Amino acid sequence: MNNHSYMVRQLPNGLELLADLATDLRWTWSHAGDALWQKLSPETWEQTANPYVILQNLPERRLEELANDRQFKAMVEQLWADRDGYYNQNGWYKTAYPEASLHKIAYFSMEYGLGESLPLYAGGLGILAGDYLKAASDLGVPVVGVGLLYQEGYFRQMLDANGWQENVYPYNDPATLPVQPMISHSGSWLHVTLQFPGRPVRFRVWRAIVGRVDLYLLDSNDPLNSPSDRGITSKLYGGSQEIRLCQEIALGLGGWRLLEALGIEIDVCHLNEGHAAFVTLERARQFMERHKIDFWQALWATRGGNIFTTHTPVAAGFDTFPLTLLQKYCSHYTQQLGITPDTLGALGKLNPADQSEPFNMAYLAKRTCQMTNGVSKLHGEVSRRIFSSLYPRWPECEVPVMHITNGVHVPTWDSSWADAAWTRSAGKERWRDDPEVLAKAILENLSDESLWTFVGQERADLVNYARKRMARQLGQRGEDEPTIAQAGNILDPNILILGFARRFAEYKRPNLLLHDQERLVRILTNSQYPVQLIVAGKAHPQDETGKNFIQQWSQFVRRPEVRHRVVFLEDYDITLAQEMVQGVDVWINTPRRPWEACGTSGMKVLVNGGLNISELDGWWAEAYTPEVGWCIGDGREHPEPGWDGIEAEELYRVLEEKVIPEFYKRDAAGIPQAWVTRMRASMMELAPYFSTNRMMKEYVEKMYLPAAAAYQRRVDQGCRLARELHDWDSNLRQHWQGIHWGNLEVHKENDGWSFDVQVYLGGISPDCVKIQLFADRTNDNKSMITEMERGESIPGSVNGFHYCAKVITQQPANYFTQRVIAAHSEAVIPAEMNLIYWWSA
């Protein structure tokens, strides 16, 4: 396979390298080429910051001029050399794991937020996926991304004269996007074909280059498809439930077939949310056909290499589909898998016999992936509760969900001022260093004056940007010239700026600051300690409550007494987010705990010297200490009515009594010493840790390398281990009901208790199970598990044994309960086998 440049024009001799430079999305985070692209077309660069668009719109004469400009050609060659150097370096992964036998990690996501030049994202999930790919490129981790190319992507936002959100869907013309069609060996455009009810559907294959990582995208807008099928990839999260199912089938089944067509050998398949769960079925199907085994044996083989990351904090957030819809689209597919439609349905349900229960994509992912992780420490706990119903009778603490806290790709989000300051103190390659090295550099190499100076420069840049964006916003709304001119006077670069921007959903409580509008007005207009506020955010097109929140803010910012101090900036996107996180002094976050799975917006201000005030939810629940920022809430869940008012009062009080006075308390040099001390602590302790580099390293070490090794062991020697695991599983399920208890003897020891219990295992080999003592939350607030040793056979029994254990404890004997669980050195319990049998007298 190869790719073909979709550049619609021929570049002059000497400038051919520009096409490759413009299609490599590394320019979204590496600014080495900014001066070159600006020299090509200053106006287009300022408007789009998109090299691909610049090249397509330059007049031929301008290109000819540049082809004869030695200085410009030298800039091109230097940029190419910089790119070569980046591509040829080993990166952290090869340096840390030179002998690793990991081939490729396939990362599946419904959305990717890489930049406005490729708008394939709706919110935080996509931004995280984009940052993930960039970090994989920087660290040299062997990742390939898979997604969908949407014709319209997510909507753009405009507010009407009444402040009501209007949804605009601009067309994503592939000719203007930095993507290239993949060409097959035959020379034709590469397609992946899926069988939908009564017809085949063709998906075109595109490639986006993200540094050292390839992102492959599927697009149903093929002329040979019917009009309705061409619309499958029309809108991200748009259309009916049936369209959504078609998109998820395309991502999962089509995505894996795409990798097979490209001949990319995958060890680890990583699902970024349950949307992609069908990929686990297609991976197993192709494996079973290739190795001539059945579906369940293939699932045991491939599940070892499947990973599921859940971002959902409530069970209602999982994608579900009616069984009738699933059967409409998958009945033919179950024949290929060699299973019945009911069997497929059971993989996505709690109760296989309940025909009214919908098919849950997260349940499918959980059952077909060996490892699952939440995206913050708190979200790991929440996810164990959400998924506990899949592991009946297992203690919640043992539900198999770990956590890897999200991070942000720092070079994407740091300002030029912050980048320069960090480079001076810690070097150009700093984000690949140990966090302790970075912390020491910030402590020793940046003075208070330099810290305060660069955040002042950032604040001034944000004010200028907000004025320009506000003027454009007013002009698009049809305001008169005097009104538009007033945008040049809003905000002040020397006044504290608070930032609040996110999706306007009820659980995020975007109007908590408006709980007492008169008090907020007093805070903003305080003559001694004035405050400014920049607000942005979108509501889902079908979320009327969210739109009402936006309208309330729109009406508030028009109040004459505050209109120079607070603005609502329309169409929250990556570009606006970058400007805000680079320039605000304080980032405010007000989710209703525990509904914020992680939330990465507040992480983005860290590198830029910004501080956080947030609910103790998501990442802030593990990041917060009094030295690095401020919090609201008591760290507990409060579903009761009226709690929002209590926390709004707390938010006002923290602002009035702590945040604002600290910002304005200056020394003789005009520096707020306590504020800068807090900035330094936040930058030292939080910025290095809450980065995608730390996140990616954890994925590699805790999940990817173990998963790749597990997968390789299961497929070696003609899938011997996979077959063995399938037989072990089948035998346990067949004979589990035959297990029963005999007598239990408990004896008091000087330092604890000894237990002797009789267990009759029926048709199950004692090597296939473990007998344990379990105590839930002993003195150290942790569960205690003690393995019981097999002793003598029970006289006159068949497969009955004494099991004994001694525990050192001060707890009474009734704290401990005997249980039988499945055991195999190569199976993950209970993720892959959830049978459990507890003692009952």
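**Hairpin β9–β10.** I began with the hairpin that β9 and β10 form with 2 residues between them, and I noted that G198 in the turn has a positive phi of about 80°. The model I am reading is a predicted one, in which local features need pLDDT of at least 70, side-chain atom pairs count only at pLDDT 80 or more, and totals for chains, interfaces and linings use all residues. I number residues from 1 along each chain as its sequence is written, and side-chain values use heavy atoms, with hydrogens and water left out.

I then looked up how β9 and β10 (residues 199-210) pair, and found the antiparallel sense over 6 bridges; two strands count as paired if DSSP finds at least two bridges between them. Within this pairing, V192 stands opposite F203 in β10. On β9 (residues 191-196) I found a covered face made of V192, L194 and F196, and an uncovered face made of H191, T193 and Q195.

**Open sheet.** Next I followed 4 strands that form an open sheet in the order β24-β25-β29-β28, with antiparallel pairing. At the edges stand β24 (740-749) and β28 (789-793), each with a single partner strand, so one side of each is left without a neighbour in the sheet. Between β28 and β29 (residues 800-808) I found 3 bridges and an antiparallel run, and R790 stands opposite Y803 in β29.

**G123.** I placed G123 in the loop between β4 (119-120) and α8 (124-139). G123 is partly exposed, with a relative accessible area of 27%; buried means under 20%, exposed over 50%, and partly exposed in between (1.4 Å probe, protein chains only). I also looked up K235, 112 residues from G123 along the chain, and their C-alpha atoms are separated by 14 Å.

**Whole chain.** Finally I turned to the chain, which has 28 helices and 31 strands, and whose C-alpha trace spans about 100 × 70 × 50 Å along its principal axes. Buried residues make up 60% of its 841 residues. Taking contact as heavy atoms within 4.5 Å, I noted that, among contacts between residues at least 6 apart in sequence, 73% join residues at least 24 apart.
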